[in-house]
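Subject: Structure handover

Hello,

Here is the structure I promised to pass on. Please open it first, then read my notes below.

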Amino acid sequence: MLIAVVIILIIVVIGLIIYNLSIHKKIQTFRNINQKINNLSVVQDFMTAIGETTSVDDKIKKINEILIQKYEIKYSTIVVFDGAEYVVKASNVDQRHWNSLRSLQDVELFKDSISTATPKYVTVNDEKERLPYQQTEFGRAKSAIFFPLYIDNVYIGYWIIESGVPHDFDTVDTTVLEVIKDNIVAVLKTVVHQKTLESIVRQDLYSGLYSEEYLYGEGRKIIDQYTISTVCMFRINNLEEINLNYSRELGNQVITDLSVYIKQNISREYVFVRYMGPKFVIVFSGVDETGVANFLNDLKENIDKMQIRLRDEDDNIIDETQVAVPKVNFVISNYYKGTGLEEVLKKQEQYLDSQEHREESDITRI
């Protein structure tokens, strides 16, 4: 009888163990699924941040904020080499500590991590200790994980997360952190082209206008505040003729006077740039084609009446006999937020540069 009871108890215990293992496995599976869902959510938030009409630096800061919020990270800092020096692109650490945070590539502790492209975990055992890379700060961070960042096998900076608790990352799932790191790299790789555009924007000497690249960075911020806008490209069709028959100086004067006149007659909400050579672009933000066409008709009438002479720095006419009358050809198109602005401009440029339209002085919708 006693033996039977023992056997039954053993069977019950074994059954409970199997049941508990099954429950544990299901919980672990649920956690893994939940983690994957959370990671997908973070990736979606990353993509949303990339798509926002903000500067590259603002996007990186937004991404860092997402990391801190979604994964409850105490301190998170992203440092990138900009070609000249290491720059803290995003951090929730007090700025007084940024000098040490942007110099971690020089710390012996992390050099091996950088050369092998592997993360480095550092912590202290005593609250009175400080991490090796900390110079003046004692109480802020007691544990940290350093992640070197690479784009196409080229080292571009690092991501470091920190905690004020010793050994706080001892049991952290590093595979999740590696996924986050890869997402950071993907974002940096995506926005590098935008950063290039932002850095090569120049202001034209004669028109005082920004170059074409401005349209795809800061200009797009203004344009994409509206669902629909009208893009106008115009060409001074006789600029080459003015340069040849009179002088390049008079041609430059035409560019200056025409740009000043148009700038004075359009709203600051509109984006006006020198596109290339004799071509210029005005984006009428939030205005439909009909309203723009009526405005351009009046503008063109006044441009057709302009008689431009070469002047000195004091605005005195240098030569009364040299008079230039600009011939301007306009083309307008709709632009919808989120679509390819460059495609609209390419189509307009092809139209204005085609031989059959090179001598026109008109306003055309395409």
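The largest nonpolar core has 30 residues. A nonpolar core here is a set of buried Ala, Val, Leu, Ile, Met, Phe, Trp, Tyr and Cys residues joined through side-chain atoms within 4.5 Å. Buried means under 20% relative accessible area, exposed over 50%, and partly exposed in between (1.4 Å probe, protein chains only). Phe 234, Ile 262, Leu 296, Ile 303 and Phe 330 have the most contacts inside this core. At least two of its residues come from each of strand S7 (228–236), helix H7 (239–245), helix H8 (248–265), strand S9 (279–284), helix H9 (289–304) and strand S10 (328–336). Helices (H or I, at least four residues) and strands (E, at least two) are DSSP runs, numbered from the N terminus. H8 gives the most, with 6 residues.

This is a predicted model: local features need pLDDT of at least 70, side-chain atom pairs count only at pLDDT 80 or more, and totals for chains, interfaces and linings use all residues. Residues are numbered from 1 along each chain as its sequence is written, and side-chain values use heavy atoms, with hydrogens and water left out.

Back to Leu 296. Leaving out residues up to four places away in sequence, Leu 296 touches Cys 232, Phe 284, Phe 330, Ile 332 and Ile 363. Contact means heavy atoms within 4.5 Å. There is also a second, separate core of 25 residues, which includes Ile 60, Val 80, Leu 149 and Val 176.

Now the sheets. One is open and has 6 strands, in the order S6-S8-S9-S7-S10-S11, with mixed pairing. Two strands pair if DSSP finds at least two bridges between them. Strand S6 (210–211) and strand S11 (363–365) are at the edges with a single partner strand each, so one side of each has no neighbour in the sheet. S10 and S11 pair in the parallel sense over 3 bridges. Val 331 stands opposite Thr 364 in S11. H9 packs on this sheet and touches S7, S9, S10 and S11; its direction makes about 165° with that of S10. Axes are lines fitted to C-alpha atoms, for helices over the stretch in contact, and angles run from 0 to 180 degrees between N-to-C directions. Helix H10 (residues 341–353) packs on the sheet too, at about 30° to the direction of S7.

The other sheet is open and antiparallel, with 5 strands in the order S2-S1-S5-S4-S3. Its twist averages 20° from one strand to the next. Strand S1 (residues 75–81) and S2 run antiparallel, joined by 5 bridges. Val 80 stands opposite Val 87 in S2. Helix H2 (residues 56–71) lies across S1, S2 and strand S5 (154–163), at about 50° to S2.

Two residues to look at. Ser 229 lies in strand S7. Ser 229 counts as buried, at 1% relative accessibility. Its side chain reaches the backbone nitrogen of Gly 286 at 3.0 Å. Lys 142 is in the loop between strand S3 (120–123) and strand S4 (143–151). Is Lys 142 buried or exposed? Lys 142 is buried, with a relative accessible area of 2%. Its contacts include Glu 127, Glu 129 and Pro 166.

Overall, the protein has 10 helices and 11 strands. Of its 366 residues, 42% count as buried.

Best wishes

Terms used:
A polar contact is a pair of N or O atoms within 3.5 Å; within protein, one must be able to donate a hydrogen and the other to accept it, and residues adjacent in sequence count only if both atoms are side-chain atoms.
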